[in-house]
Amino acid sequence: MTQTIDLSILYSLRNCPYAMRARLAIYASGQQVQLRDIVLSNKPDEMLKVSPKGTVPVLVTTDNQVIDESLAIMQWAFLQTDPEGYTNKAVPNALDEMLAVIAIFDNEFKGHLERYRCSKRYHEPSLPEDRQQCERYLADLESRLSLHQYLMSDKPSLTDLALMPFMRQFAQVERQWYLQSPYPKLRQWLNHFLQSRMFSKVMVQNSMWLDTKQRLIFGAVV
């Protein structure tokens, strides 16, 4: 008889960038969780009971801790195991530096990105201006990638995983403009992740958990 392993539960939405970066960190850390894919129009009562705000991702750990912020879930994953050194624990202040970069994009860039996406969707005349507001942040990433292969060093880090889903969103707004934009290093960096085995595993399309109540295991084995 097969013994059921007690695993943390992750409520997720496949294309949500916040849920995406949580799954990226869980996969990269080698953790495994029970994945419960949902749609926001039909949120499980089980999720709303532990996180009434009703957004994804939501992680319920095996000791019943509820973590409903994507960056906190990422940090939880790498606190458990970090075999590839995504948090660079050997270097003093490395994690603080990563979190500082992520904070700028979480607190500033994402607002500009949403305005840019809305401008495109509703054919607003402010589209070029809204794109230029985003470009200030892209220029910083391009500069970083001119110095090393990834955003913080020559090794991928928490910062890369946290920002990648939002760069993917940006690249999809005006695809032709993006492909000809003056950010070749950024395009190369993004393509590297989009074509990776990790991303393909993270983006597998599953049945909705409420439809099947299936116990679906997600993650990599260290």
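Trainee: Why is strand 1 described as largely enclosed by the rest of the structure?

Mentor: Buried means under 20% relative accessible area, exposed over 50%, and partly exposed in between, with a 1.4 Å probe and protein chains only. Five of the five residues of strand 1 are buried, so the description holds. This is a predicted model, in which local features need pLDDT of at least 70 and side-chain atom pairs count only at pLDDT 80 or more, whereas totals for chains, interfaces and linings use all residues. Residues are numbered from 1 along each chain as its sequence is written, and side-chain values use heavy atoms, leaving out hydrogens and water.

Trainee: Which residues of strand 1 point one way, and which the other?

Mentor: Ser8, Leu10 and Ser12 point one way, Ile9 and Tyr11 the other, and all are buried. In a regular strand the side chains alternate between the two faces of the sheet.

Trainee: What makes strand 1 and strand 2 a pair, and in which sense do they pair?

Mentor: Two strands pair if DSSP finds at least two bridges between them; strands themselves are DSSP runs of E of at least two residues, and helices are runs of H or I of at least four, both numbered from the N terminus. Strand 1 and strand 2 have five bridges and pair in the parallel sense. Serine 8 has valine 33 of strand 2 as its bridge partner, and tyrosine 11 has arginine 36. Strand 2 is also largely enclosed, because five of its six residues are buried.

Trainee: Of which hand is the crossover between these two strands, and what makes it so?

Mentor: A crossover is right-handed if, with the strands pointing away from the viewer, the path from the first strand over the helix to the second runs clockwise. The chain goes from strand 1 through helix 1 to strand 2, and this β-α-β crossover is right-handed.

Trainee: How do you know where helix 4 is kinked, and what is its span?

Mentor: The bend at a residue is the angle between axes fitted to the seven residues ending there and the seven starting there. In helix 4 a kink of about 40° is centred on phenylalanine 109. The expected span of a helix is 1.5 Å times one less than its number of residues. Helix 4, with 28 residues, reaches 38 Å from first to last C-alpha, close to the expected 40 Å.

Trainee: What makes a group of residues a nonpolar core, and which residues have the most contacts in the largest one?

Mentor: A nonpolar core is a set of buried Ala, Val, Leu, Ile, Met, Phe, Trp, Tyr and Cys residues joined through side-chain atoms within 4.5 Å. The largest has 57 residues, and Phe109, Leu161, Met167, Trp189 and Met198 have the most contacts inside it. Helix 6 gives the most to this core, with 10 residues. If contact is taken as heavy atoms within 4.5 Å, methionine 198 touches Leu24, Tyr27, Ala28, Tyr86, Leu161 and Phe193, residues up to four places away in sequence not being counted.

Trainee: Why is histidine 123 called exposed, and what is its phi?

Mentor: Histidine 123 has a relative accessible area of 71%, so it counts as exposed. Its phi is near 55°, a positive value in a residue other than glycine. Asparagine 64 also has a positive phi, near 70°, and is exposed because its relative accessibility is 63%. Most residues other than glycine have a negative phi, and most peptide bonds are trans.

Trainee: Where is there a cis peptide bond, and how do you know?

Mentor: Valine 56 and proline 57 are joined by a cis bond, with omega about 0°. Proline 57 lies in the loop between helix 2 (45-50) and strand 3.
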